[in-house]
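Let's take a walk through this fold together.

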Amino acid sequence: MEIIDFLLADDQLFTTITLFVLIALLIGNIVADKLKKYEDIDANAATELMDDDNLIILDVREQKERKAGYIKGDVHIPLSDVKNQLSKLDKNKSILVYCRSGSRSAHIAGLLTRNEYEKVYNLKGGIQAWKRAKMPVST
C-alpha cells in the first residue's frame, strides 16, 4: 500500500506519469517487435541468403550515398520511390533490404510485408555493419 501512496503523492505525480508512459512504450515496442513480419539479420546471415538465386538485394539509400559503396548485384530504389516501384519486385523472391544504418530499410521491410511480400529481411546495421564485418563492397 505504501508504494501506491508514494506513486499518488502530489509531489510524485510527474514521476508516476512518466513511469507509466515508459512502461507503455516498452510494452508497445515488445508487441510491435513480435508483430513484425520481416526478419532482422546480420551481415553473416545475409551472405548465407545470397547463395539463393531467388534473392533480391534492395538498396533504399539515395543515389549520392551509393558512392560510398554498395553490395554487388543489388537493385537500387531510393526510399522515396519504393512505394511507386513495388511492382518491379517479385513477390515470389526473398528480399534483403539495406540502407546506411538499418533504420530506413526496416521501414521498407515493414512496407513490403504489409504489401504481401513474404520473405523479407532487413540488414541490421545497414551497409555500415556490412563494411564492419569486412564484407565485399562495390564502388
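A residue counts as buried when its relative accessible area is under 20%, as exposed when it is over 50%, and as partly exposed in between, using a 1.4 Å probe and protein chains only. Helices (H or I, at least four residues) and strands (E, at least two) are DSSP runs, numbered from the N terminus. What you're looking at is a predicted model, where local features need pLDDT of at least 70, side-chain atom pairs count only at pLDDT 80 or more, and totals for chains, interfaces and linings use all residues. Residues are numbered from 1 along each chain as its sequence is written, and side-chain values use heavy atoms, with hydrogens and water left out.

Start with the sheet. Five strands make up an open sheet, in the order E1-E5-E4-E2-E3, with parallel pairing; two strands pair if DSSP finds at least two bridges between them. At the edges sit E1 (39-41) and E3 (75-76), each pairing on one side only. Helix H5 packs on this sheet, where it touches E2, E4 and E5, and its direction makes about 175 degrees with that of E5. Contact here means heavy atoms within 4.5 Å, while axes are lines fitted to C-alpha atoms (for helices over the stretch in contact), with angles from 0 to 180 degrees between N-to-C directions.

Now zoom in on E4, residues 94-98. Five of its five residues are buried. Ser94, Leu96 and Tyr98 point one way, while Ile95 and Val97 point the other way. Five bridges join E4 to the parallel strand E2 (residues 55-59), and Ile57 stands opposite Leu96. E4 also pairs in the parallel sense with E5 (residues 120-123), over three bridges; there, Ile95 has Val120 as its bridge partner.

Is Arg100 buried or partly exposed? It counts as partly exposed, because its relative accessibility is 41%. Its contacts, leaving out residues up to four places away in sequence, are Arg61, Glu65, Gly125, Gly126, Ile127 and Gln128.

Next comes H5 itself, residues 103-114. Its buried residues include Ile108, Leu111 and Leu112, and what covers the buried residues includes E2, helix H4 (79-82), E4 and E5. Just after H5, Glu116 takes a positive phi of about 70 degrees.

Methods: A crossover is right-handed if, with the strands pointing away from the viewer, the path from the first strand over the helix to the second runs clockwise.
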